[in-house]
Amino acid sequence: MSDSIKVTESAFTSSSGLNKQAPYEAVLKEFAKYEIGQKEMYNEDEDHIAHELGFMAWLCGIAREKESLEEMMPVLKDQYRFINEHINKWFSHFNDVIQRWETESRFYKLVSTFMTDFLKEDSEFLEEVTG
């Protein structure tokens, strides 16, 4: 799929349409805040949709380990900021491309539709909690 459809934030949001642009650097800074290094074992860039969603899931795990909502709040605020400054800036366009993609399989279209709805709900939840 990655040969047919761009799957990184840089490719969708930079004027050049190339990988490893400013969004890539910004994602690396977000990862570094939580001492997550570059993923040397993967071929995909860190601003690949899978890594950005994985980072959100990882932050959920960090928040879950906290003893109180007060202790969770910095992590929840980081999630809210990350989803809005990164994922939400490009995922709807990504979804549009997926929906127009001519393929015999409906799998990616269904997953992308699900993710669009999930990201909307997650954003609204994080906004309400971090208010």
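Tutor: A salt bridge here is a side-chain nitrogen of Lys or Arg within 4 Å of a carboxyl oxygen of Asp or Glu. Keep in mind that this is a predicted model.

Student: How many salt bridges does that rule give?

Tutor: The count comes to six. In one of them, the side chains of D45 and K20 meet at 3.8 Å, N to O.

Student: And what does the D45 and K20 pair tie together?

Tutor: Parts that are 25 residues apart in sequence, because D45 is in the loop between α2 and α3 (49-64), while K20 is in the loop between α1 (9-13) and α2.

Student: Switching to helices: at what angle do the axes of α2 and α4 cross?

Tutor: Roughly 170 degrees, and the axes come within 12 Å. Helix α2 covers residues 22-33 and helix α4 covers 69-100. The crossing therefore makes α2 roughly antiparallel to α4.

Student: Which residues meet there?

Tutor: From α2, P23, A26, V27, E30 and K33; from α4, D78, R81, F82, E85 and H86. This contact divides into four nonpolar residues, one polar and five charged.

Student: New topic. Which residues make the nonpolar surface patch?

Tutor: F107, Y108 and V111 make a patch of about 280 Å².

Student: Where does F107 lie?

Tutor: In helix α5, which spans residues 107-130.

Terms used. Residues numbered from 1 in each chain as written. Predicted model: local features only at pLDDT ≥ 70, side-chain atom pairs only at ≥ 80, totals over all residues. Heavy atoms only, no water. Patch = residues over 30% accessible without salt bridge, like charges linked within 9 Å, V, L, I, M, F, W, Y side chains within 5 Å. Areas by Shrake-Rupley, 256 points an atom, 1.4 Å probe, with all protein chains shown as cover. Helix = DSSP H or I, 4+ residues; strand = E, 2+ residues; numbered from the N terminus. Axes fitted to C-alpha atoms, helices over the stretch in contact; angles between N-to-C directions. Parallel < 35°, antiparallel > 145°, perpendicular 65-115°, else oblique. Contact = heavy atoms within 4.5 Å. Nonpolar A, V, L, I, M, F, W, Y, C, P; charged D, E, K, R; others polar.
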